[in-house]
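This note sets out some points on the model shown below. It takes up the helices, the nonpolar core and the aromatic rings in turn.

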Amino acid sequence: DVTEIEEKEAQAKEEEQIIKEQELSNLLHEKRYLKALGLAISLDRPHTVLMVIKAILKEPDGRKHLQENIVRLRKDQKEAVLAFLVTWNTNSRNCHEAQAVMETLLKHEAPDTLLQFSGIKSAVESLLPYT
């Protein structure tokens with residue numbers, strides 16, 4: 001019977017999730033946005049990533065800080081943000097944040113680099129009607 005083992009594993013995962021969410025909350029409170037972005041992306045939380053981006057943009061020189069943070073993300077994190085912003089761009093409440101992130105990616109990534117992103121073709125096709 002492996003029921004007890006599975007329950008312990010599920011409980012350990014849940015505890016780890018709670019710890020990460022608390023860490024994310026602390027990072028946002030401390031305005032450590034790069035780490036907060038990375039953690040929210042690793043948790044696969046598009047809404048949380050959006051909230052971090054909105055918090056960055058509310059800061060003085062928000063666009064500049066957003067660019068600094070987006071540029072410092074790893075390639076896989078940028079790909080995840082690109083996938084998230086496709087969805088954000090379809091909603092008028094979030095389209096400005098999506099456009100700000102997209103602008104940063106287009107300005108700071110070489111076209112050849114962007115073409116190597118996974119899902120770039122479908123992302124561009126989805127972004128065109130709303131942009």
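1. Helix H2 (residues 33–42) is covered by parts that include helix H1 (3–29), helix H3 (46–58), helix H4 (62–71) and helix H5 (75–89), which lie over its buried residues. Contact here means heavy atoms within 4.5 Å, and helices are DSSP runs (H or I, at least four residues), as strands are (E, at least two), numbered from the N terminus. In H2, 7 of the 10 residues are buried, where buried means under 20% relative accessible area, exposed over 50% and partly exposed in between (1.4 Å probe, protein chains only). The buried residues include Tyr33, Leu37 and Ile41. Just after H2, Asp44 adopts a positive phi of about 55 degrees.

2. On the basis of the values: the model is predicted, local features need pLDDT of at least 70, side-chain atom pairs count only at pLDDT 80 or more, and totals for chains, interfaces and linings use all residues. Residues are numbered from 1 along each chain as its sequence is written, and side-chain values use heavy atoms, with hydrogens and water left out.

3. Helix H5 has 15 residues and spans 21 Å from its first C-alpha to its last, close to the 21 Å expected at 1.5 Å a residue; the expected span is 1.5 Å times one less than the number of residues. Because 11 of these 15 residues are buried, H5 is largely enclosed by the rest of the structure.

4. The largest nonpolar core has 34 residues, of which Leu37, Val49, Leu85, Trp88 and Val101 touch the most other members. Such a core is a set of buried Ala, Val, Leu, Ile, Met, Phe, Trp, Tyr and Cys residues joined through side-chain atoms within 4.5 Å. H5 gives the largest share, 7 residues. Leaving aside residues up to four places away in sequence, Val49 touches Leu37, Ala40, Ile41, Val81, Phe84 and Trp88.

5. The structure holds 1 aromatic pair. Phe84 and Trp88 form this tilted pair, at 6.3 Å centre to centre and 40 degrees between the planes. Rings of Phe, Tyr and Trp (its six-membered ring) pair if their centres lie within 6.5 Å; planes under 30 degrees apart count as stacked, over 60 as edge-to-face and the rest as tilted. Phe84 is buried at 9% relative accessible area, and Trp88 at 4%.
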